[in-house]
Amino acid sequence: MNEVLEKIFTVNLGVKKEESVLIFTDIIGKEETVPDDEKQKRLELRGLAAEAADAGRKHCKVSTLEFPSVGGHGKEPPIEVWEAAFGLDAVKKLDELGILTSILQKKAAHEDIKKAEDVIRESATTPDAVVALSNFSTTHTRFRNFLTKLKGVRYASMPLFERTMLEGAMAVDWHGLEKRTLGLKEKLDGAEMAAITSHNGTSIGFSIKDREVLADTGMLTRPGDYGNLPAGEVFIAPVEGTAEGIL
């Protein structure tokens with residue numbers, strides 16, 4: 001398992017010895033009501049984050065952070081996570097401009113986002129990579145977008161991660177998985193229609209004309225790369241209003 005965890009750094013993120021990686025995880029918040037079996041999973045995730053940090057320290061500089069859960073996927077992480085990722089100076093400037101709260105609440109106007117982007121570009125001090133081992137996903141957040149788009153941070157998103165994945169979906173030949181995934185993407189590139197059938201009666205078709213086919217290979221080695229771990233997925237959005245059939 002240690003070898004699998006180390007590959008997150010050496011293969012998936014391709015870290016160098018002098019680079020820094022931030023690992024964060026969310027713990028059960030005071031206002032959360034969580035069933036006992038879910039509590040156990042969350043506790044295990046906390047432990048996995050600590051194990052990942054230990055594995056990463058063999059290959060790069062690692063810092064860690066725990067924070068109370070925000071209670072849902074896609075919600076902005078709290079201010080302490082922003083401070084760890086962007087630095088105190090940049091977060092202070094966002095607050096002084098009066099735009100930090102609106103960003104955290106996902107209520108920021110377009111012009112405020114532009115101001116925030118300028119601050120992040122000019123003032124933020126970021127890690128080279130992030131391992132987001134939080135229960136709730138941070139992929140679809142301004143936080144992740146600012147890190148990857150503006151600062152070129154590599155970002156491994158690992159929500160709802162479970163220890164059994166270390167023995168299964170993470171214990172793979174990553175380069176082989178990348179080749180297979182890109183091969184499937186190549187087959188879908190340029191396609192105009194998709195049809196899905198199954199033994200239970202599903203028979204549906206829809207247009208995918210001019211839609212971009214995306215490959216989630218697990219290889220996050222270029223500046224600004226982000227994706228999920230485990231990986232191995234090719235995905236595409238259907239053209240709205242074109243679906244016809246039975247699902």
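**Figure 1. V81, W82, A85 and F86 of α3 meet R142, F143, F146 and L147 of α7.** In this predicted model, local features need pLDDT of at least 70, side-chain atom pairs count only at pLDDT 80 or more, and totals for chains, interfaces and linings use all residues. Residues are numbered from 1 along each chain as its sequence is written, and side-chain values use heavy atoms, with hydrogens and water left out. Contact here means heavy atoms within 4.5 Å. The contact of α3 with α7 has 7 nonpolar residues, no polar ones and 1 charged (Ala, Val, Leu, Ile, Met, Phe, Trp, Tyr, Cys and Pro count as nonpolar, Asp, Glu, Lys and Arg as charged, and the others, Gly among them, as polar). Helix α7 spans residues 142-151, and its axis lies 11 Å from that of α3 at an angle of about 5°. Axes are lines fitted to C-alpha atoms, for helices over the stretch in contact, and angles run from 0 to 180 degrees between N-to-C directions. The two helices are therefore roughly parallel to each other (angles under 35 degrees count as roughly parallel, over 145 as roughly antiparallel, 65 to 115 as roughly perpendicular and the rest as oblique). Helices (H or I, at least four residues) and strands (E, at least two) are DSSP runs, numbered from the N terminus.

**Figure 2. Helix α3 also packs against helix α4.** The axes of α3 (residues 79-86) and α4 (residues 88-96) come within 7 Å and cross at roughly 130°, which means that α3 is oblique to α4. On the α3 side look for I79, W82, E83 and F86, which meet L88, A90, V91 and L94 of α4. By class, this contact has 7 nonpolar residues, no polar ones and 1 charged.

**Figure 3. Helix α1 crosses helix α2 at an angle of about 70°.** Here α1 covers residues 2-12, α2 covers residues 36-56, and their axes are 8 Å apart. That angle makes α1 roughly perpendicular to α2. The crossing is right-handed (right-handed if the near helix is turned clockwise from the far one by less than a right angle, left-handed if anticlockwise). N2, L5, E6 and F9 of α1 make the contact with E51, A52, A55 and G56 of α2. These residues divide into 4 nonpolar, 2 polar and 2 charged.

**Figure 4. The largest pocket has a volume of about 620 Å³.** On a 1 Å grid over the protein atoms alone, a pocket is an open set of points with protein on both sides within 12 Å along at least five of seven lines, a cavity is a set where a 1.4 Å probe fits but cannot get out, and lining residues have an atom within 4 Å of a point. Grid points are joined across faces, edges and corners, and a volume is the space filled by probe spheres set on the points. Of the 24 residues lining the pocket, A215, D216, Y226, G227 and F235 lie nearest its centre. The elements that give two or more residues to this lining are α8 (174-188), β7 (214-216), β8 (226-228) and β9 (233-235). The lining holds 8 nonpolar, 8 polar and 8 charged residues.

**Figure 5. A search of the whole structure finds 1 cavity of 30 Å³ or more.** The largest cavity has a volume of about 30 Å³. Its lining consists of D26, F67, V70, K75, P77, S134, F136, S137 and T138, with 4 nonpolar, 3 polar and 2 charged residues.

**Figure 6. L229 and P230 are joined by a cis peptide bond.** Omega is about 0° at this bond, and P230 sits in the loop between β8 and β9.
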